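Colleague: I'd like to learn how to read a structure like this one. Could you walk me through a few features?

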Amino acid sequence: MSPWTVDVAGRATGGLGELLGRSFCDNPGMRAALGDDRPRRLGRAIRLMRGLTATAARCGRVELVRAGDRPVGVSLTYGPGDRPRGLAQAPTILGALSTGPACVRRLLRLEHFLHSHHVRGPHHFLAILGVEPDMQGKRVGSALLRALAARADGDGLPCYLETDQEKNVRIYERHGFAVTGEHVLAELGGVPFWLMQRPPRA
């Protein structure tokens with residue numbers, strides 16, 4: 001039984017962008033898009049994740065796990081028909097622009113790739129899942145994945161995600177996801193991406 005409780009953040013997302021920035025800073029995709037200098041990359045990742053979190057709070061669902069009062073894990077998800085459009089995307093756009101012109105160009109290449117391979121049809125989309133580095137391996141992410149799976153199963157819909165970390169593929173497989181595509185993004189220096197889906201369960 002999981003020791004963690006999953007809460008819905010709503011619009012109260014302060015500090016969650018920082019958490020996600022720390023979680024994703026060293027991922028291959030972030031290194032390729034946001035640069036090699038780690039302190040600068042961390043700042044850019046935090047600003048980008050703040051924007052993504054604010055957009056999800058408007059249009060999707062922001063869930064978190066706390067250890068005491070401290071948020072230690074966050075997921076940004078979208079149900080069918082929840083994808084941001086128009087002005088709802090403003091926080092994400094501003095967050096991306098804050099990373100600088102060169103990073104924006106690389107982020108646009110990444111976004112084009114992910115959009116062109118995104119699964120069609122109604123589904124629940126796990127856009128982002130991040131856990132504080134010092135809390136990884138403690139089933140925080142598993143609690144967030146179970147909450148998403150329960151919601152998708154209740155709707156009778158599949159889940160979909162993308163990851164640029166091979167070690168995460170094994171974690172997602174344990175939660176019922178299967179690889180549906182593996183691609184190497186040459187435009188970002190050969191970063192691999194795995195596309196994964198989880199069918200609904202009765």
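**Reading the model, feature by feature**

Colleague: Let's start with helix α3; how many residues does α3 have, and how far does α3 reach?

Modeller: Helices here are DSSP runs of H or I with at least four residues, strands are E runs of at least two, and both are numbered from the N terminus. Helix α3 covers residues 38–59, which is 22 residues, and spans 31 Å from its first C-alpha to its last, close to the expected 32 Å. That expectation is 1.5 Å times one less than the number of residues. Before going on: this is a predicted model, where local features need pLDDT of at least 70 and side-chain atom pairs need 80 or more, while totals for chains, interfaces and linings use all residues. Residues are numbered from 1 along each chain as its sequence is written, and side-chain values use heavy atoms, with hydrogens and water left out.

Colleague: Which residues of α3 are buried?

Modeller: Buried means under 20% relative accessible area, exposed is over 50%, and partly exposed lies in between (1.4 Å probe, protein chains only). In α3 the buried residues include R41, R44, I46, L48, M49 and C59.

Colleague: What about disulfides: how many does a search of the whole structure find?

Modeller: A disulfide is a covalent bond between the sulfur atoms of two cysteines; the test here is a pair of cysteine sulfurs within 2.5 Å. The search of the whole structure finds 0. For C25, the nearest cysteine sulfur belongs to C103, 12 Å away. C25 itself is buried, at a relative accessible area of 0%.

Colleague: Which residues does L76 contact, leaving aside its neighbours within four places in sequence?

Modeller: Contact means heavy atoms within 4.5 Å. Among the partners of L76 are L20, L52, A56, V62, F125 and I128.
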